[in-house]
Amino acid sequence: MAQPPPQPPAYPTYLDSIGKTPLVRIDRMLPEAAKHATVLVKLEMQNPGGSIKDRIALQMIESAEKAGLLKPGMTVVEATSGNTGIGIAMVCAAKGYACIIIMPQVPAMLERVMIIRQFGGEVRLTAPGFGIKGSLEHYEAILASDPSKYFGTAQFTNLSNPEAHYLTTGPEIWEQTAGQVDVFIHGIGTGGCISGAGKFLKEKKPSVQVVAIEPEEARVHLGAPMKPHPIVGIGAGLVTHFLGMEGKALDGVGEDGKGTPLPGVIDEWACASGAECVEYAKKAAMQEGIMCGPSAGAALKVALQVASRPESAGKTIVVILASHGIRYTAHPLWAAVKAQAVPALPAPPDMSKEGELLRATLA
């Protein structure tokens, strides 16, 4: 009897490549005092859309599809500082939805606007003086204008956000460290990752210490006022609705700067300045070969600070690097090299064959 022809394998889709990002050790940028600890970085820039926000974009959209809240022909809407918007635009393109992404009109959004447009998304830019709150106001107005046409992913309050990290990021870290993780460090944007992944890790190992990072200029979770800062991706000026905080700040920074712990949730509130986020992102590139963004620079600063403490000897510290540095060429992170590169590459180029062969050296 003739054998049936072999069946082709079940090929994955592009969206199936979200998650399962590498966890790698860093060494060369560690100060001597930190070398008694193991510092591991989770490379979320390896997600297909270039950041950790791909995880929540997929989870929020697919959860809404399953619940019947998002139907074919509807338009997906979100207010964002950028990376969530890119993730949503990517997922919408792959699934056939239109999307509207709303962001403050500030220069640091340049690459985000371009990427979202390249995915086919519509971008709306709101008055920068109102910050993300202005973008959220416009977001709410769009949804209210026609609830049957528009679906809002609501990343700041949607429980599918922390769920994405409880189901994927946390379990990945646990498996990749063989359960040896002792400290988990991440910045607070929406609070979804530190809520979901932190919850999973503490359920598996209650002794895991969870350290949340805010910009030094905007420690709003501890009741400090919001001031301008360049750490794109965290410190939007909104207190998270996750972590059991429901949008209400805690009672101050405290003398030790660590703030009030949330028992069983957040053990320490750390911070990094705008200058430090640039300093440590550049160190990661030049000393580890890891190109990462400003929030990752802030996370690395805190991770090395924690690793340098005497009590960190023999501990395994995991820190999230949320996005790729190439996405921030309009950010101060790139200011020094851009100042070299722009005049070295005149437009139009000098095509003459006269004079010196070597025209410029950048070092």
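Predicted model: local features only at pLDDT ≥ 70, side-chain atom pairs only at ≥ 80, totals over all residues.

Reader: What is the angle at which α5 and α6 pack, and how far apart are their axes?
Author: The angle is about 50°, and the axes are 7 Å apart.

Reader: How many aromatic pairs does the structure hold?
Author: It holds one aromatic pair. Y166 and F200 form it in an edge-to-face arrangement, at 5.7 Å centre to centre and with 80° between the planes.

Reader: Which parts does that pair tie together?
Author: Y166 belongs to helix α5 and F200 to helix α6, so the pair links parts that are 34 residues apart in sequence.

Reader: Now α1 with α5. What is the packing angle there?
Author: Helix α1 (residues 53-66) packs with helix α5 (residues 160-176) at an angle of about 125°, and their axes are 8 Å apart. That makes α1 oblique to α5. The crossing of α1 and α5 is right-handed.

Reader: Which residues meet in that contact?
Author: On the α1 side they are R55, I56, Q59, M60 and S63. They meet S160, N161, E163, A164, H165, L167, T168, T169 and E172 in α5. The contact of α1 with α5 comprises four nonpolar, seven polar and three charged residues.

Reader: And α1 with α2: at what angle do their axes cross?
Author: The axes of α1 and helix α2 (residues 83-95) cross at roughly 50° and come within 8 Å. That makes α1 oblique to α2, and the crossing of α1 and α2 is right-handed.

Reader: Which residues are involved?
Author: K53, D54, I56, A57, L58, M60, I61, E62 and E65 of α1 make the contact with N83, T84, G87, I88, M90, V91, C92 and K95 of α2. The residues of the contact of α1 with α2 divide into nine nonpolar, three polar and five charged.

Reader: Let us change topic to the sheets. What is the order of the six strands?
Author: The order is β1-β2-β10-β7-β8-β9, in an open sheet with mixed pairing. At the edges stand β1 (23-25) and β9 (268-272), each with a single partner strand, so one side of each has no neighbour in the sheet. On average, neighbouring strands of this sheet are turned by 30° against each other, direction ignored.

Reader: In which sense do β7 and β8 pair, parallel or antiparallel?
Author: Strand β7 (residues 183-187) and strand β8 (residues 209-215) pair in the parallel sense, over five bridges. H186 stands opposite A212 in β8. Helix α6 (residues 192-204) packs on the sheet and touches β7, β8 and β10 (316-321), with its direction at about 170° to that of β7.

Reader: Where does α8 lie?
Author: Helix α8 (residues 294-307) lies across β2 (38-43), β7, β8, β9 and β10, and runs at about 170° to β10.

Reader: What is the strand order in the sheet of four strands?
Author: The order is β5-β4-β3-β6, in an open sheet with parallel pairing. The edge strands β5 (122-126) and β6 (150-152) each pair on one side only. Neighbouring strands of this sheet are turned by 25° against each other on average, direction ignored.

Reader: Over how many bridges do β3 and β4 pair?
Author: Strand β3 (residues 75-79) and strand β4 (residues 98-104) pair over five bridges, in the parallel sense. V76 stands opposite C99 in β4. Helix α4 (residues 131-145) packs on the sheet, where it touches β3, β4, β5 and β6, and its direction makes about 150° with that of β4.

Reader: One last topic, the backbone. Where is A178 found, and what is its phi?
Author: A178 is found in the loop between α5 and β7. Its phi is positive, about 55°, although A178 is not a glycine. Most residues other than glycine have a negative phi, and most peptide bonds are trans.

Reader: Which residues does a cis peptide bond join?
Author: It joins A347 and P348, with omega about 0°. P348 lies in the segment after α9 (335-344).

Conventions. Residues numbered from 1 in each chain as written. Heavy atoms only, no water. Pairing = 2+ DSSP bridges. Helix = DSSP H or I, 4+ residues; strand = E, 2+ residues; numbered from the N terminus. Axes fitted to C-alpha atoms, helices over the stretch in contact; angles between N-to-C directions. Contact = heavy atoms within 4.5 Å. Parallel < 35°, antiparallel > 145°, perpendicular 65-115°, else oblique. Left-handed = near helix turned anticlockwise from the far one by under 90°. Nonpolar A, V, L, I, M, F, W, Y, C, P; charged D, E, K, R; others polar. Phe/Tyr/Trp six-rings, centres within 6.5 Å; stacked < 30°, edge-to-face > 60°.
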